Amino acid sequence: MIKSFSASLAALALTAGGSPAPAATCAAPGGNPLSQAPTSPKGVTDTVLSSVALGPEIGVDGRQLRTRRLVVQPGGIVPLHSHKDRPALIYTMSGAITEYSSACGKPIEHRAGDISREAEGLSHYWVNHGKVAAVLLSSDVYHGN
């Protein structure tokens, strides 16, 4: 199943216009307190596409590798959350979305084809300031079965 999933993700990347690109980099590295960060979602559909329990696979009980499809409507918000002990990769399939990160003093714009790495205790939130929905594919190591 993992090989099939990897092949599917690679095919998806190629149909989106070539190889996935790293996400835009932070133009102003440094701390950001995110003091005005939203805490409730708005205009977001979050669908779990598939998951694998990691206990039987690699001995990491209580964790799963999951992939979700998020559709963030114009004006939509993925609220403040942390990636402490929950690494993730986010692939922007279509549209664009702005990330406000605890590790960056300026917002980061993600466009179709970008991959964002989320790990090491990062806290952040995302806002769709565009006129079309942003579609994201999120794969993370999640606490849950």
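Two residues are in contact when heavy atoms of theirs lie within 4.5 Å. The exercises below apply this cut-off and a few others to a predicted model.

**Exercise 1. Surroundings of Asp 46**

Solution. 
1. Val 71 is 25 residues from Asp 46 in sequence, and the C-alpha atoms of the two are 6.8 Å apart in space.
2. The relative accessible area of Asp 46 is 41%, so the residue is partly exposed.

**Exercise 2. The largest nonpolar core**

Task: Determine which residues make up the largest nonpolar core and which element gives the most to this core.

Solution. 
1. The largest nonpolar core has 9 residues: Leu 70, Val 72, Val 78, Ala 88, Ile 90, Ile 97, Trp 126, Ala 134 and Leu 136.
2. Two or more of its residues come from each of strand S3 (63-82), strand S4 (88-94) and strand S9 (134-143).
3. The most come from S3, which gives 3 residues.
4. Another core lies apart from this one; it has 6 residues, including Ala 37, Ile 77, Tyr 125 and Val 127.
5. Leu 70, a member of the largest core, is in contact with Val 44, Thr 45, Asp 46, Val 78, Ala 134, Val 135, Leu 136 and Ser 138, leaving aside neighbours within four places in sequence.
6. As a general background, nonpolar side chains tend to be buried together in soluble globular proteins.

**Exercise 3. The disulfide**

Task: Identify which residues the disulfide joins and state which parts of the protein the pair ties together.

Solution. 
1. The count of disulfides comes to 1.
2. Cys 26 and Cys 104 are joined, with an S to S distance of 2.0 Å.
3. The angle about the S-S bond is 95°, and the link is right-handed.
4. Cys 26 is partly exposed because its relative accessibility is 24%, whereas Cys 104 is buried, at 1%.

**Exercise 4. The aromatic pair**

Task: Explain why the rings of Tyr 100 and Tyr 125 count as stacked.

Solution. 
1. The whole structure contains 1 aromatic pair.
2. Planes under 30 degrees apart count as stacked. The planes of Tyr 100 and Tyr 125 meet at 15°, with ring centres 4.8 Å apart, so the pair is stacked.
3. Because Tyr 100 lies in strand S5 and Tyr 125 in strand S8 (residues 123-127), the pair ties together parts that are 25 residues apart in sequence.
4. Both Tyr 100 and Tyr 125 are buried.

**Exercise 5. Backbone and confidence**

Task: Locate Asp 85 and Glu 120, and find where pLDDT stays under 50.

Solution. 
1. Asp 85 is not a glycine, yet has a positive phi of about 65°; its place is in the loop between S3 and S4.
2. Glu 120, likewise no glycine, has a positive phi of about 55° and sits in the loop between strand S7 (114-118) and S8.
3. Glu 120 is exposed because its relative accessible area is 71%.
4. The average pLDDT of the protein is 87, and 83% of the residues score at least 70.
5. Over residues 1-19 pLDDT stays under 50, and the model has 14 contacts beyond four places in sequence for them.

Conventions: Residues are numbered from 1 along each chain as its sequence is written. This is a predicted model: local features need pLDDT of at least 70, side-chain atom pairs count only at pLDDT 80 or more; totals for chains, interfaces and linings use all residues. Side-chain values use heavy atoms; hydrogens and water are left out. Buried means under 20% relative accessible area, exposed over 50%, partly exposed in between (1.4 Å probe, protein chains only). A nonpolar core is a set of buried Ala, Val, Leu, Ile, Met, Phe, Trp, Tyr and Cys residues joined through side-chain atoms within 4.5 Å. Helices (H or I, at least four residues) and strands (E, at least two) are DSSP runs, numbered from the N terminus. pLDDT is the predictor's confidence in each residue, from 0 to 100. A disulfide is a pair of cysteine sulfur atoms within 2.5 Å. Rings of Phe, Tyr and Trp (its six-membered ring) pair if their centres lie within 6.5 Å; planes under 30 degrees apart count as stacked, over 60 as edge-to-face and the rest as tilted.
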